[in-house]
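Look at the sequence and the structure below. The text that follows takes a few parts of the structure in turn.

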Amino acid sequence: THDSMVADTTTTATCGYCSTGCGLRLHLRDGEAVGLTPETQYPVNLGMACPKGWEALRVLDSDERATTPLLRDANGKMQPIEWEAAFTTFVDKMRGVQEKHGQDSVAFLSTGQIPSEEMAFLGALARFGMGIRHGDGNTRQCMATAVTAYKESFGFDAPPFTYDDFEQSDCLIFIGANPCIGHPIMWERVLRNPNTPEIIVIDPRRTETAMAATQHLQVKPKHDLAILYAITKLLIDNGYVDRQFVEGHTNGFEELCEHVSQFDVDTVAHAAGVSVGSLEQVAHTIGTRKAVSLWWTMGVNQSYEGTRTAQAMINIALITGNIGRPGTGANSITGQCNAMGSRLWSGTTNLLGHHSFASEQDRQKVADVLGFDSECIPTTSSWRYDRIIEGVRNGEIKALWVIATNPAHSWIDQADVKELFGKLDFLVVQDMYDTTETAEHADLIFPTAGWGEKEGTFINSERRYGLLKKVRRAPGQALSDFQILRGIAHYWGVGEQFAEWTDPEAVFRIMQRASRGQPCDITGIDGYAHIDRCGGIQWPWTEADAAATGSSEPPQQRRLFEDGRFFYDDGKAKLIVDDITPMPEPPTQKYPVTLLTGRGTVSQWHTQTRTKQSPVLGMLYPQEAYVEINPVDADEWEIVHGDTVTIESRRGKIEANACVTATVRRGQAFIPMHYAETNQLTLSHFDPHSGQPSYKDCAVRITPKAPQ
Ligand code: SF4
């Protein structure tokens, strides 16, 4: 990048796309980044980066950057305004809506893409300063089921693993996960595994990871929970249970045995489209390998029974004693660079530091930490994302503040969302780019600094705090989200209340205080310089840990539950089971195909807001939407590879280019989520325990495009 300019020094910062949290070495000239290379010394990526990381600076230079606040005028045109006018307009409009329609008529939707300090500030300012009770993150779309699953099973939302486990496992099971594409550096860590591991993939699609696996169970969509229960039954029936671990460290084993005994393995296998032998082989592999790890991502999370599916994986790890040892674990890989930060610090589902809004004791503790009156802390969590959208639909929400996310592209049943924006009295979009599908509907746009243009911390999938550094000036008048929040606090008249929230590191210190005594305690971290010096620090790292080790450098790879103690009072994990839920929209004669959606390439990210700004990344991915169709189906429907086809669900109709491939089975199709039109088709339904949308199972029909 920018190789014609010679750097005079370097510094290392964490990448700002995905939850892997790679370290990137930034090459600086006069304090400005002019290039980057993957950091060889960073414990996460060990000198590797994917194309998105390599192009992280390029996307900052785009012409589509928002450089000045914009306000929609009486003729519907966006006009540049000064920041003071932007802040006063924001305050007047939001206050006006609250006065007219009630305090709860204003809500926010935020993101897993901003640092923890900005999330903490946003949550605290909105909920404790501005009286906005309802605000949720786009993290609801990617990992809410994992949060609920861990919380119920372990007593705290605690992904137990460390990336060394990829290299220490002798059997890795990926369910609804395609790390070759979704988490390529994690996959590189798998490839470094010296144990010749068994790699098992359970996925309806023959993904890149499935192609590299030693066993692939190409199950029909939404049969994963039944398959996991059948495997659990086989593990129990064949004596593969670690009885000592079960008795000493879990509750609910008898209920689990009773529940899975109802599942006839032949029937489950037949319904799922796999052989009984393949299920027996998986059970045998789990039962006979020494260090088995189970990994999941969106194929499990984005499902109407995602929480229970994740817990079925957790159950398998627990009953076979595959947790708390190197190379083991029931491990949720999350998506966004700071989805993990959002889990602890956004103040939406959980009170700052994963406390409970419902607990008076927790509210008082957090109020004391913040120096606030506990009365200003709501006694309930925010509405979930889907309920906020519902609130817009039925007129309860009249003003919406959208921060670093693009629901007009990413939310399920997208056509409906676009229509809903028209019902709002006021829509504020705070983003790096003023060209997103959501920004098109905005009344007011706040231009923001992006990755590399501000400071803070991200938490990666293995619970590692990594540093984001300012190595560029933001363009025009763009400000960091932190500075914007400071401005809002001032103009809202609560600047005094947030007097301590002066800069990201000051907020990090507040976060440390709020974490004290929690499983995510980080009181042993000595500020940003410490994180920088250590190549990131995993939570927990307490003052007591630091004192006990006598070292300021925490061990680099720490996993949870090595002592077999979980976060419930009795120290035991819960084995949780549930009934199977029928598919809400099964295939019919009119809509005979089940549509899968997901990540299509290593080079694109979510709604392409940033990645589309890089010509290099653009070259690595088809610009027009494509749909994967099985060759036998294509033949029957008289579709040839490359034809334009129409895909229609009960909610919408789109066109795409046919990609005829055996990656999908007959009766299934796959469209990447990166295309703006994909979510015109999806069905608005959710996992009841977490509120996560189920993106991967709507019914469609595919036909050749009619000649013009
Ligand atoms: Fe960045 Fe993720 Fe790529 Fe690493 S794998 S360089 S964190 S996008």
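Two strands pair if DSSP finds at least two bridges between them. The model shown here is a predicted one.

With that definition in hand, begin with an open sheet of three strands, which are ordered E1-E2-E3 and pair in the antiparallel sense. Its edge strands are E1, residues 9–14, and E3, residues 32–38, and each of these pairs on one side only. From one strand to the next the twist averages 35 degrees. Strand E2 covers residues 23–29 and runs antiparallel to E1, to which six bridges join it.

Next comes the ligand. Which of the 13 residues around it come nearest? They are Cys15, Cys18, Cys22, Cys50 and Gly53. Two elements give two or more residues to the shell around the ligand: helix H1, residues 51–54, and helix H7, residues 184–191. Sorted by type, the residues of this shell are eight nonpolar, four polar and one charged.

Strand E6 is made of residues 106–110, and four bridges connect it with E7 in the parallel sense. Phe108 has Gly135 in E7 as its bridge partner. Between which strands does helix H3 form part of a β-α-β unit? The unit is made by E6, helix H3 (residues 116–129) and E7, and it is right-handed.

Strand E7 also shows how residues can point to opposite sides. In a regular strand the side chains alternate between the two faces of the sheet. In E7, residues 134–137, His134 and Asp136 point one way, while Gly135 and Gly137 point the other way. All of these residues are buried.

The last stop is Pro407, which is placed in helix H19, residues 407–410. Why does Pro407 count as buried? A residue is buried if 20 or more other C-beta atoms lie within 10 Å of its own. Pro407 is buried because 26 other C-beta atoms lie within 10 Å. Leaving aside residues up to four places away in sequence, Pro407 touches Leu109, Val402, Val417 and Thr438. Thr581 can be compared with Pro407 in two ways: the two are 174 residues apart in sequence, and in space they are 27 Å apart, C-alpha to C-alpha.

Methods: Residues are numbered from 1 along each chain as its sequence is written. This is a predicted model: local features need pLDDT of at least 70, side-chain atom pairs count only at pLDDT 80 or more; totals for chains, interfaces and linings use all residues. A residue is near a molecule or strand if its C-beta atom, placed from the backbone, lies within 6 Å of it. Ala, Val, Leu, Ile, Met, Phe, Trp, Tyr, Cys and Pro count as nonpolar, Asp, Glu, Lys and Arg as charged, and the others, Gly among them, as polar. Axes are lines fitted to C-alpha atoms, for helices over the stretch in contact, and angles run from 0 to 180 degrees between N-to-C directions. A residue is buried if 20 or more other C-beta atoms lie within 10 Å of its own, exposed if 12 or fewer, and partly exposed in between; C-beta atoms are placed from the backbone. A crossover is right-handed if, with the strands pointing away from the viewer, the path from the first strand over the helix to the second runs clockwise. Two residues are in contact if their C-beta atoms, placed from the backbone, lie within 7 Å.
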